[in-house]
Amino acid sequence: MAEMGSKGVTAGKIASNVQKKLTRAQEKVLQKLGKADETKDEQFEQCVQNFNKQLTEGTRLQKDLRTYLASVKAMHEASKKLNECLQEVYEPDWPGRDEANKIAENNDLLWLDYHQKLVDQALLTMDTYLGQFPDIKSRIAKRGRKLVDYDSARHHYESLQTAKKKDEAKIAKAEEELIKAQKVFEEMNVDLQEELPSLWNSRVGFYVNTFQSIAGLEENFHKEMSKLNQNLNDVLVGLEKQNGSNTFTVKAQPSDNAPAKGNSPSPPPDGSPAATPEIRVNHEPEPATTPGAALPKSPSQSSLPAVVVETFPATVNGTVEGSSGPGRLDLPPGFMFKVQAQHDYTATDTDELQLKAGDVVLVIPFQNPEEQDEGWLMGVKESDWNQHKELEKCRGVFPENFTERVQ
């Protein structure tokens, strides 16, 4: 007996699979041409529209939440660097040095705590919420295929009944196939009819809980950070009082039409009015300057420290079709790209691949594009291909949203 991969599919099952795909393709063509009626369920179609809308909104929220977390992490890093700078310039004999260092430590801990709580109370909840969508999406696609099978069996049975020369044996067999197809479809349909409205209604509570958590965490964070900032301000006020007789002078920058550096006038003698206005801020002592020294230049963007913002990938699964080219060796004909299974998938039909998380699948095109259902890809597991090098034995369909593109 011929085998298909590690599943031990017989030649008879392979033939049955091929026939099933052919029958589905023919049925779809007839329905599109209006030569065969199609079973419609407007209520279910509305549920599917709601499901797709809910998935799109949830995916966007997840992406924006990850961006928010990346910004919090970047702000934490920037705040940490700023406090480290203060600790370095705070001289040992200045009052409040220990207090300033303690405030910097608490500032760092507060940022860490805020980020971790956002992950625990918002991001993980978000990931759990979205984790239920891939399975339901694959079942919706599966239901669509079983509906086509049911319509095809129904039309076949009806055509045998209305034929001029009736074959009772064929009619009985067609009726049996119709009952079987109807049962499979209705079981899937009933389950989804119950689950989809419940999932749709759950979005309200999820959004409320998520944004309440974020708002509450942010409010508490800013309250605690405000206390630390007030404490730091008190420390700096104490430093200012001890050095109150000194002033920090900020000199105005020369205008664009000021004389060139080589022609600049000499600085005024001590005690004479300065040539440029001064703005005095009573914070830190003015550093000693050398008469005639050039004014410091404003820092350019290139001199500023770079802040690295960690980014997160999107969890929207999608494909970008490509081509390996005819020169690629050891790959199946028509190979487009590789994907890796992110979740286990249990095959429910003989034409499907059984996947375990971590399996790598080589994606190939459908022989007949009309056979491809939305959300499903054709491929062969890399391990099976390396062992057999025969597409007929190894290929099968699998739900795209259970995988992620890796090459």
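**Close-up views of a predicted model**

**View 1. Helices H2 and H5 side by side.** In this predicted model, the axes of helix H2 (residues 42-89) and helix H5 (residues 168-242) come within 10 Å and cross at roughly 15 degrees. Angles under 35 degrees count as roughly parallel, so H2 and H5 are described as roughly parallel to each other. The crossing of H2 past H5 is left-handed. Sorted by class, the residues in the contact of H2 with H5 are 17 nonpolar, six polar and four charged.

**View 2. Helix H4 from end to end.** Here we follow helix H4, which spans residues 133-161 and has 29 residues. From the first C-alpha of H4 to the last, the reach is 42 Å, close to the 42 Å expected at 1.5 Å a residue. Of the 29 residues of H4, 21 are buried, so the helix is largely enclosed by the rest of the structure.

View 3. Phe 185 has its place in helix H5. Its relative accessible area is 8%, and because buried means under 20%, Phe 185 counts as buried. Look across to Arg 145: Phe 185 and Arg 145 are 40 residues apart in sequence, while their C-alpha atoms are 8.9 Å apart in space.

**View 4. Two cysteines, Cys 85 and Cys 394.** Is each cysteine here buried or partly exposed? Cys 85 has a relative accessibility of 41%, so it counts as partly exposed. Cys 394, with a relative accessible area of 2%, is buried. As for disulfides, with a pair of cysteine sulfur atoms within 2.5 Å as the rule, the count comes to zero.

Definitions and conventions
Residues numbered from 1 in each chain as written. Predicted model: local features only at pLDDT ≥ 70, side-chain atom pairs only at ≥ 80, totals over all residues. Heavy atoms only, no water. Helix = DSSP H or I, 4+ residues; strand = E, 2+ residues; numbered from the N terminus. Expected span 1.5 Å × (residues − 1). Buried < 20%, exposed > 50% of the residue type's maximum accessible area, 1.4 Å probe, protein only. Axes fitted to C-alpha atoms, helices over the stretch in contact; angles between N-to-C directions. Parallel < 35°, antiparallel > 145°, perpendicular 65-115°, else oblique. Left-handed = near helix turned anticlockwise from the far one by under 90°. Nonpolar A, V, L, I, M, F, W, Y, C, P; charged D, E, K, R; others polar.
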